[in-house]
Amino acid sequence: MDWVNVILQGVLVGGLYAMFAAGLSLIFGVMRLVNIAHGDLIVLAAYLALMVTHALGVNALLSLVIVVPLMALIGYALQRGILNRTLGDDLLPPLLVTFGLSIIIQNGLLELFTADSRKLQAGPIEVASIQLGGGLAVGTLPLLQFALAVAVIGGLQFLFYRTAIGRAFRATSDDQTVAQLVGLDNRHVFALAMALSLAIVALAGVLLAVRANFDPAIGPARLIFGFEAVIIGGLGSMWGTLAGGIILGVAQAIGAQIDPGWQVLAGHIAFLVVLALWPEGLFPKVQG
């Protein structure tokens, strides 16, 4: 039963990793942009939630009502004002710009909040659990995180294939020139995609901050977990991203059970094994 519990906890953590990865997958799928600052934007969302909770005295989960739309606005402005100018056939300019943005966010947060680690408080839900019998219990908060991850992935899948904005995303991704000829403003479409990505980032950042301590330097590690989940699942597959996050979470949980020092290493090994056996990921094509 101990191993069943380990795998169960790994699956639940995988939901959080899938939310890290969903924004990355969305942005790469729409505009072929690799956002190096993605992990630091997750941390930025956590600090925004910290400021909201201190200023208004609200529960960390309630801060999402403010943080999610605020991060979406930041994403729209960032894409429209800076990143759209770097997009083109050369992948290097957006990489360099997002790398610079990563450094700016890290150092800005360090100046404002110091290197001290922080944690958001969500109240009794943090310690609440559901008994499954046989000595197994599931934390209410991790279960909520996983349910939200499934809802986010399902929502993105619905958005892409059942809505007008989803058709615009797919059209600009397939051929920007043709999309412009039929009246789409690619700059606006890309900005909407980044806004949606950062709204998901806000959700992931707040949930991360409630689950564990955070500081200005943890962004790159979150970025790596997100990238690994995307690659394991397969580029362009939203449900694959969820599967990739779960595989990564389970691998880390098994590694930690064997030896606490192996937790992160086990996830990297799982990533390398999948990459060696299935270079395109487990689910490389989007399933409609």
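This is a predicted model: local features need pLDDT of at least 70, side-chain atom pairs count only at pLDDT 80 or more; totals for chains, interfaces and linings use all residues.

Student: Which helix gives the most to the nonpolar patch on the surface?

Tutor: The patch is formed by Trp 3, Ile 258, Trp 262, Leu 265, Ile 269, Val 273, Leu 277 and Trp 278, which together have about 840 Å² of accessible area.

Student: Is Val 273 buried, partly exposed or exposed?

Tutor: Val 273 sits in helix α11. Buried needs under 20% relative accessible area and exposed needs over 50%. Val 273 has 41% relative accessibility, so this residue counts as partly exposed.

Student: What is the handedness of the crossing of α2 and α8?

Tutor: Helix α2 covers residues 38-56 and helix α8 covers residues 186-211; their axes come within 7 Å and cross at roughly 65°. Where they meet, α2 brings residues including Leu 41, Ala 45 and Ala 49, while α8 brings among them Val 201, Gly 205 and Leu 208. As for the hand of this crossing, it is right-handed.

Student: Which residues is Gln 145 in contact with, leaving aside neighbours within four places in sequence?

Tutor: Gln 145 belongs to helix α5, residues 140-162. With 0% relative accessibility, Gln 145 falls under the 20% cut-off and therefore counts as buried. Gly 14, 131 residues away in sequence, is 9.5 Å from Gln 145, C-alpha to C-alpha. The contacts you asked for are Met 19, Leu 207 and Arg 211.

Note on methods:
Residues are numbered from 1 along each chain as its sequence is written. Side-chain values use heavy atoms; hydrogens and water are left out. Patches are made of residues with over 30% relative accessible area and no salt bridge: like charges are joined within 9 Å, nonpolar side chains (Val, Leu, Ile, Met, Phe, Trp, Tyr) within 5 Å. Accessible areas come from the Shrake-Rupley method with a 1.4 Å probe; for residues, only the protein chains shown count as cover. A salt bridge is a side-chain nitrogen of Lys or Arg within 4 Å of a carboxyl oxygen of Asp or Glu. Helices (H or I, at least four residues) and strands (E, at least two) are DSSP runs, numbered from the N terminus. Buried means under 20% relative accessible area, exposed over 50%, partly exposed in between (1.4 Å probe, protein chains only). Axes are lines fitted to C-alpha atoms, for helices over the stretch in contact, and angles run from 0 to 180 degrees between N-to-C directions. A crossing is left-handed if the near helix is turned anticlockwise from the far one by less than a right angle, and right-handed if clockwise. Contact means heavy atoms within 4.5 Å.
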